[in-house]
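The sequence and the structure are shown first.

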Amino acid sequence: MSRIRDDYEKSLWNRLVRWVNGETDPLEGKMEMKPLRETEVVGESKYNPDSLDKEKIRQYLEDTKKNKGMQVFQMFYSLMSVALCLLLIAALLLAVSWLPVIGNPDGPNNNEVSARYIEKGMEESGAVNMVTNMILSYRGFDTFGETCVLFIAATCVIVLLQKKEETIEKESETDWKYEPRPDAILQKMTKVLVPVIFLYGFYIILNGHLSPGGGFSGGAVIGAGLILYVTTFGFHKTQRFFNEKTYEVVKVGALSLYSVTMIYYFYTGANMIKNVIPLGTPGDILSSGMILPINIFVGLEVACTMYAFFALFRRGGM
Amino acid sequence: MNFVQNFPCFSIVLCMVAGILSTPMKGKAAKRMTLTVVTLVTLMSLATLLYVLSTGESFIYTMGKYPAPWGNEIRAGALEALLATMFALVMLCSLLGGMDHIFRTVDEEKINLYFILTDLLLSSLLAIIYTNDLFTGYVFVEINTIAACGMIMIRRSGRSLIAATRYMVMSLIGSGLFLIGLAMLYDITGHLLMESAHDAMVRLVEAGEYQIPLLVVISVITVGLAIKSGLYPFHSWMPDAYGYSTISSSSILSGLVSKSYIILLIKIFYRVIGFDIIIRSKIVNVLFVFGLIGMVMGSVSAIMAKDVYRMIAYSSIAQIGYVYMGIGLATEAGMVAAVFHILTHAITKPLLFLAAKGLSDASGHKKNFSALQGSAFRNPLAGTAFLVGSLSMVGIPMLAGFISKLLFATAALGASSSKVLVTLVVLAVSTILNALYFLHTVVRIYTPTGAPEEFQNVHVRMSTGAAAAVSCLILLNFVMGLMSQPLTDLILSGIGMFS
């Protein structure tokens, strides 16, 4: 059986343990230690910061008339910033004048990359709209990233502006509570216009692979329709069909289906596995493989984000 | 195709999916998912690294069925895999170490949003590291910027909102310049894929065409990314952003986010424009001068800082200066030193932030120096961590910081003769200044007498997660300090795989 050594108190190990635990200080008695200077001691300060008139202090500090040096500095600062901007603009304009001429068939950017998009795009990706082919199929990863930019921008606005539902209802000094305005002309026109706007938005999304348009533009149109509806009829009426729950379900649903599609596309593409999504006949409404569903997902996400921006800035909640 | 080659793509998309799925979750569930995902990403990046080392060459992964230059692709070499592994590991440590601070400082119903931001931030970091396409790089720089901004302002105190606004203004100027540069680069080369753009660039230089736009492209891209990473004259957002956000955000921002832009810049230098063209354009000399000024000015500001977080933040400015100085030496050894210092700083700065948070927890959440007196005895592990981090930053042998300073000094000897003396002198001055403010703080936290009375008998222990994170970072510091040769060889071979 082991027992504690007689001289354990003095052993090196015990001293180390006691030092690590902060019980002793090896330098105590060996080094001269002065108490801290008076000013550095934390404690009751001589003045109470709450009693100061902060507004007055701020005005005094911002009043540059008393301070000649500050005035000169601010003058210098504004002049320099203007000069810097002009310099940057001049440099960039100069550089642009040296760039290749736009529309020159021999220019550097008329090369094999755009040639394949134009010549083989329809046959390879199945959409008549070349731009859609390029952004959703050839460069699908970039567009997935862009959709995530929208998603994270909306998340940041929520971080900054969203309030709890109860606090919003309790607030008295807000102007959104005076909505909807009792304006017969506005309400009648909105009733006529909003269905047409929605329909047009869906048309742009669903025909994204056939004609100019697609998820981003169609989603923006639907979002604008929602914003028109909410400004006319108010938040309470809109909440009956579009509240935070709907927003989350639509957004998470669209984005997760989008990511599943993209994972499948990346995995099959890189590993040379046959992609089972049929391309169909170019020109048909049900064609172009994964482009049509992706357009729908992107459209839903964009519409939700547009409306969320408006609602969060206007009311602090959906 | 080997299954491991899918891992870079999987880790990027997995982070995005985790971010998307966190939207409807509660804070605790989102936390669990994020930690799982970051661990998985670390393991997958490690597997990629081992795979690349076993084959000895980089590989290209087409994102979709179209080969480049028509489709998107990512590329994994030794350096990319190493950086991804380290970044994911540091991310995990920063999250674990600051977890209680997140739950304390962020509104309860917004905690899941914090994890959305970290997930997407990690995905963008990985994509910036792995990208082989300029525009993909730009898209993920955008995600990186917005996510970082959200991570600063989620604390919602007045100071952090101001800090986020400043950060956003500076960062968007940087993004704008970078985008202008990319647009012009595309205009004169006709390619966004790095290899094809490089080929076109070589042809342009041989034919002597478009030299003025090329110079503007190089300067605009370099300045844009330098603003975003906080090189000296553009550093004003850093102290506030690092000093007032929640501690995980500070660690991640200082350790990883500002580094990712430097890595993108190095990739553009090597893989798009070509390092000899960069050297001829003299832009490296600009980086060199501002790096040197930053090394001194950052340390001077750190000496004058009033609280420990701001001191560590100002020290970051000096460290970013070191990295740019290494790039500015315009030699391969200088680049290796810069990349090594990126890794050193990425593991040491989070360690210092987490340690400072532990010390301030033991001092009633105060962060001014007089309250921290003797705090290392009240929270021994945090004290040890701060000691190790400080010694590493100062450059004491056996720690990672020593190796990077040694590499910088060795690289300086091989640089052009006008740069040798000034580099060595500034390196020495900066080291002394580093020692001044770091050791001053170390002595203060290890002074047993004179602690404020209300904390005399306080004893704080770090939570298990935080203790594990801090120990892991301390260990990494020793590993990098004692076994640096394999790592420098790895970085050298990674840079070799760039061309």
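In this predicted model, the largest nonpolar core holds 245 residues, of which B:Cys15, B:Phe87, B:Met91, B:Leu120, B:Ala355 and B:Val470 touch the most other members. A nonpolar core is here a set of buried Ala, Val, Leu, Ile, Met, Phe, Trp, Tyr and Cys residues joined through C-beta atoms within 7 Å. A residue is buried if 20 or more other C-beta atoms lie within 10 Å of its own, exposed if 12 or fewer, and partly exposed in between, with C-beta atoms placed from the backbone. Helix H15 of chain B (residues 332-361) contributes the largest share of this core, 17 residues.

Residues are numbered from 1 along each chain as its sequence is written, and chains are lettered from A and ligands numbered from 1 in the order in which they are written. Local features need pLDDT of at least 70, side-chain atom pairs count only at pLDDT 80 or more, and totals for chains, interfaces and linings use all residues.

Leaving aside residues up to four places away in sequence, B:Leu120 touches A:Cys148 and A:Ile152 as well as B:Cys15, B:Met16, B:Gly19, B:Ile143 and B:Ala147. Two residues are in contact if their C-beta atoms, placed from the backbone, lie within 7 Å.

The contact between the chains takes 51 residues from chain A and 58 residues from chain B. On the side of chain A that touches chain B, H6(A) gives the most, with 15 residues.

| Class | Side of chain A that touches chain B |
|---|---|
| Nonpolar (Ala, Val, Leu, Ile, Met, Phe, Trp, Tyr, Cys, Pro) | 32 residues |
| Polar (the others, Gly among them) | eleven residues |

Within chain B, the axes of helix H1 (residues 7-21) and helix H2 (residues 27-55) come within 9 Å and cross at roughly 175°. H1(B) is therefore roughly antiparallel to H2(B), a label for angles over 145 degrees. Residues of H1(B) in this contact include B:Phe7, B:Leu14 and B:Cys15, and those of H2(B) include B:Met33, B:Val37 and B:Leu40. The contact has 13 nonpolar, four polar and no charged residues.

Chain A has eleven helices and zero strands; helices (H or I, at least four residues) and strands (E, at least two) are DSSP runs, numbered from the N terminus. Buried residues make up 27% of its 318 residues.

For the complex, the predictor gives an ipTM of 0.92 and a pTM of 0.89.

Note on methods. Axes are lines fitted to C-alpha atoms, for helices over the stretch in contact, and angles run from 0 to 180 degrees between N-to-C directions. Angles under 35 degrees count as roughly parallel, over 145 as roughly antiparallel, 65 to 115 as roughly perpendicular and the rest as oblique.
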